[in-house]
Amino acid sequence: MPNNRRTEIASMDRRRFIAKAGLLAAGSAFGGAFVSCGVDLNLPCLGPAVAPTPVPGMTYIRASEIGCALDCNLENGRNKHHGGPATDDGPRINAAMAGASESNPMTLIIDGGALISGLFLPAGGHWSVAGLGCGTGFFVKTGTNNDGIHNGSSKQIIPFEPGPPAPPRGTSVSLRNFTLNANGGNGSNGDSTSGTPQGITGTVWYCGINLMNLNNISIENVVVVNSPSYHFRLSNVGNVSISGCVLRSAGYNTDGLHFDGPSNDISISNCNFMTGDDSIALNCPEGYSGDIERVTVANCVFNSWSLMRLYTAGPTGKFKIDTVSVSGCSGTLTEGAFFIGYNPGSNPNSITGLTISDCSLTASCVLAMAENFGTIAVSNVTWTPSSATTRFYPPQADESCGFLRTSPVFGTDSYIGSSLSFANCVVQRNSNTKAAAVILENDSTINQVEFNGFALQDAGSYSPLTELLNLVSGSIGELVLDSVNSTDINSPVSPGGFADIGTVAGTGVLASGWEFPDVVMANEVPYISASSGLPSIKINGVVEPYPQG
C-alpha cells in the first residue's frame, strides 16, 4: 500500500471509508449489514443463466457431479437445509481444476451454493468458472485468511507490493453468472481472522477475487458482496473485459475494481458499484508497478466513496496513465468523483487522455486534483455539487464545491495541467451550494482552460454563483470562452484573478456579457472592456471600439 504522508490520516490507510460519510449508513440499502458469516444478507440477483455452450477441446466439470455438497446458503454461509455448518467444497473443486492448462482448458460449472476455503486455480490461466445465476456461487469460509478466488497456490502469498519487474503473463480466464459472498468481518469472525478485517496490513490483504499476471480476462454478470478488501484486484493484466457486475460492500478499503500497474486494454461496462472506497482504481505504483493504458468505462452506476482513482507516482517510480474514457455513467460519490493523484512529484503530463462524457454525477467535485496532467476533456456532463458527506482534510484553502478543485483529501498538493476543456456541461444545483467550474490553489497552473458550452441550471431560486473560476492561488495560461451561459454567474473570475490569467480568447467572450481587462485580451477577440464598459477589440495590441450591428 502507498505510504501515508498526511499526519491527519496517519492512523488509517487512505482507502479507509469515512464512517460517518454515508456508505455505512447505506448498509441497509444492501439488505442488511455486511459483517460476517451467520448474518443474513439479501443478495442482488441477476437472474437465471444457462450453462455454457460446449466448446470443442474444453473440459467441463459440474460441481454437483464431482461430489460437492453445494449445501451453503450464500446469504449467511450456513447449511441451507438445517442451518448448521455447511460443507467446505473448496478442496474438492481445487483438486478437480488443478489440471487446467493450455492443452487442457477447463470450465467449472457451479450449479449450487458452495462454501469454500478459497479457490486456488492454476496461475497460468486456461480456466473458467460459470454459474447458473441466482443461488449459484460461493461463500468464503470463516478463517480462510486468503482470497475468495485467485490464480495460484493456496500457499502462494504474494505481497501486495512486490515491485518491478512484472513477470510474464498467462492467459484466458473467464468468470460469469455467479455470486461470491466474500464474508468480510471484523478481523475475528469473517474470512480474515488476522485481527484486522482486510488481512495482514503491510503484507497482504484478502480480496474477493484476485487475478494476477494474466491476459485475456473476461468477467460477466458476477456479483461480489461483503468483501474484506478489494472486490477484484487485477495486477499486471491486459485485454480485460468486465460487464454486468454488481459490487457491494460497505467496509473500509473495499475498492470495486482495483488495477495495479502495469495494466492495459481494459473495458468496463454496465456495472453497479456500491463500495466503501474507490469504485475503480488505476494505481500505477502498486503491485509490480508500471503504466496503465487504454481504459474504457461505459454505462455504469456508482454510489461509492469515489468513482475512480488515478495515480502514477510512488516509491517504486513514476509512471503514466494514458487514454481513459468514461461515458454514460451516473452516481453519487461521497468524497468526489475522480481522484487524480496520491503522491507528489509526478512526471509532467503523467495522466493524459482522460475523457468524461455523457455522465450525471453528484459529488463535491468531479475532478479532485493532486497530480500533473496532460489533457482532460469533459463533455455533456451534468454535475450536482454536494459536499454534505465530504470530509475536507485540513489544511484546505477553500472548501467550496468545484467541477475541478484541489483534492479534499490532499489539500496542499500543487500540480501543472496542460489542457482542461468543458463542452456542453451543466451545473445543476439542488441547494444554495457555493460552487465554481474551477478552483485553483497551491500555486497550481493549467496552461489552457476552454469552455464550449457551460451553464448553471438551478432547481430552485438560489444565490448566483460568485464566479466561474476561483483562483485562490493558482494561474491559467489561456482562458478560451467559446460558449458560456453567464446567467446567474456573476463574474468570470474571482476578485484579482485576472492577474493570474495570461490571455483570454474565444468566440463567446463578448456574448458572455462579462467585462474583461484590456490587458488580458487576445488580439481580434471581441469583448466588453472593463475600462470603458463598451464592446471592444484589440488589433495588434491596440484597443479599439468593436462595431455592433
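Author: The cysteines

The link of Cys-45 and Cys-134 is right-handed, with 100 degrees about the S-S bond. A disulfide here is a pair of cysteine sulfur atoms within 2.5 Å, and by this rule the count comes to one disulfide. The sulfur of Cys-45 and that of Cys-134 are 1.4 Å apart. The pair links distant parts of the chain, 89 residues apart. Cys-45 is in the segment before strand 1 (59–62), while Cys-134 is in the loop between strand 5 (125–131) and strand 6 (137–140). Strands (E, at least two residues) are DSSP runs, numbered from the N terminus.

The model is predicted: local features need pLDDT of at least 70 and side-chain atom pairs count only at pLDDT 80 or more, whereas totals for chains, interfaces and linings use all residues. Residues are numbered from 1 along each chain as its sequence is written, and side-chain values use heavy atoms, with hydrogens and water left out.

Next comes accessibility. Buried means under 20% relative accessible area, exposed means over 50%, and partly exposed is in between (1.4 Å probe, protein chains only). Cys-45 counts as exposed because its relative accessibility is 51%. Cys-134, with a relative accessible area of 31%, is partly exposed.

Cys-365 is in no disulfide; its nearest cysteine sulfur is that of Cys-401, 7.7 Å away. Cys-365 has 0% relative accessibility, so it counts as buried. Cys-401 is likewise in no disulfide, and its nearest cysteine sulfur is that of Cys-365. Cys-401 is buried, at a relative accessible area of 1%.

Asn-236 sits in strand 12 (residues 232–243) and is buried because its relative accessible area is 2%. A polar atom of the Asn-236 side chain lies 3.0 Å from the backbone oxygen of Pro-167. Contact means heavy atoms within 4.5 Å. Leaving aside neighbours within four places in sequence, Asn-236 is in contact with residues including Ala-166, Pro-167, Arg-169, Met-212 and Tyr-288.

Ser-421 belongs to strand 26 (residues 416–427). With a relative accessible area of 19%, Ser-421 is buried. Not counting residues up to four places away in sequence, Ser-421 touches Ile-376, Ala-377, Val-378 and Glu-450.

Key: Helices (H or I, at least four residues) and strands (E, at least two) are DSSP runs, numbered from the N terminus. A polar contact is a pair of N or O atoms within 3.5 Å; within protein, one must be able to donate a hydrogen and the other to accept it, and residues adjacent in sequence count only if both atoms are side-chain atoms.
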